[in-house]
Amino acid sequence: MKSFLQLSQRPSLRMLLLLAGCWVVAFLGPFSYLVVPAVLVALWRAWHQRTRVALVLLIVLNPLSGFFIAGVASYVNGAPVLHSRHLPDLESYNPDPLDRCPRGLGSCLVNGSDWLTIHTPNAAVLLMSRCFGPSALAYNGPYPTKAEALALMPETLLSPVDQFLKGRVLADGKMVRLQPAVVRALAGLVGLENDDITPIHARLYHNRCLILRFSRRIGSSANAENFDTDVLVLVDRSSQRPFAYYQIAGASLPHSPPATYLE
């Protein structure tokens with residue numbers, strides 16, 4: 001007991017004990033806000049006591065720095081994902097046109113620690129993206145909005161379904177290839193078969209972005225505009241992988257993309 005009391009009087013050891021407590025509190029919902037005043041008070045004391053080791057430990061190992069460094073590391077790794085807690089739809093995972101980071105979802109339960117465990121690493125990723133540009137593995141080509149993509153579709157010719165199922169799609173007179181795994185995923189998205197009720201339209205945007213439109217008609221004799229499923233898929237022509245989805249119609253569409261850019 002005496003030896004423990006002697007050890008606890010060392011500034012660096014006290015800082016380690018404080019940091020351990022902060023990391024525990026960081027995951028205890030609203031109690032996580034106690035991390036900020038605890039670290040600030042400890043930093044003030046370490047500064048005035050001129051305990052450099054304790055000061056460095058506090059700056060580097062506190063939870064706020066830890067989650068921020070985790071966000072920076074994910075950016076450096078080349079494939080950062082911005083997380084949030086909300087009810088998703090097919091478009092929730094689309095990358096932002098500016099930072100090009102795809103969105104991801106954690107648990108939908110809000111526990112009060114989100115500001116630290118989610119928003120802090122997100123802030124680090126956004127800061128790195130603003131300062132140094134999109135991450136290494138992010139899609140960096142032209143990125144049309146939903147309105148821009150829809151505006152291109154009326155003048156687009158049909159692409160043969162059988163060719164699409166073989167991994168080829170006709171766009172602007174050019175045959176563009178797709179990965180077999182992507183074809184299977186997109187076919188499953190709309191229940192695509194080699195039929196007449198799911199027309200496929202394809203268009204190239206700035207020669208890099210392939211816009212696919214799957215419009216599943218309610219029946220074979222239905223009017224061309226009478227769709228129960230209508231979705232736009234943006235595909236990177238270079239990697240042959242989709243990077244964004246635009247939902248136009250279709251309550252039965254999944255809430256998460258069947259194929260993503262970084263898979």
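## Overall organisation

Among the contacts in the protein with a separation of 6 or more, 59% are made by residues 24 or more positions apart. The model described here is predicted. Its secondary structure consists of 10 helices and nine strands.

The protein has 263 residues, of which 42% count as buried. Its accessible surface comes to about 14,200 Å². Carbon and sulfur atoms account for 62% of that surface.

## Helices α4 and α5

Helix α4 spans residues 52–61, and helix α5 spans residues 63–77. The axes of these two helices come within 5 Å and cross at roughly 50°.

On the α4 side, the contact involves I59, V60 and L61. On the α5 side, the residues that meet them are P63, S65, G66 and I69. By type, the residues of the contact of α4 with α5 comprise five nonpolar and two polar, with no charged residue.

S129 lies in helix α7, which covers residues 119–132. Is S129 buried or exposed? The relative accessible area of S129 is 7%. Buried means under 20% relative accessible area, so S129 is buried.

Which residues is S129 in contact with, leaving aside its neighbours within four places in sequence? They are Y75, D99, C101 and P134. One of these, Y75, has a position within the span of helix α5, residues 63–77.

Methods: Residues numbered from 1 in each chain as written. Predicted model: local features only at pLDDT ≥ 70, side-chain atom pairs only at ≥ 80, totals over all residues. Heavy atoms only, no water. Axes fitted to C-alpha atoms, helices over the stretch in contact; angles between N-to-C directions. Helix = DSSP H or I, 4+ residues; strand = E, 2+ residues; numbered from the N terminus. Contact = heavy atoms within 4.5 Å. Nonpolar A, V, L, I, M, F, W, Y, C, P; charged D, E, K, R; others polar. Buried < 20%, exposed > 50% of the residue type's maximum accessible area, 1.4 Å probe, protein only. Areas by Shrake-Rupley, 256 points an atom, 1.4 Å probe, with all protein chains shown as cover.
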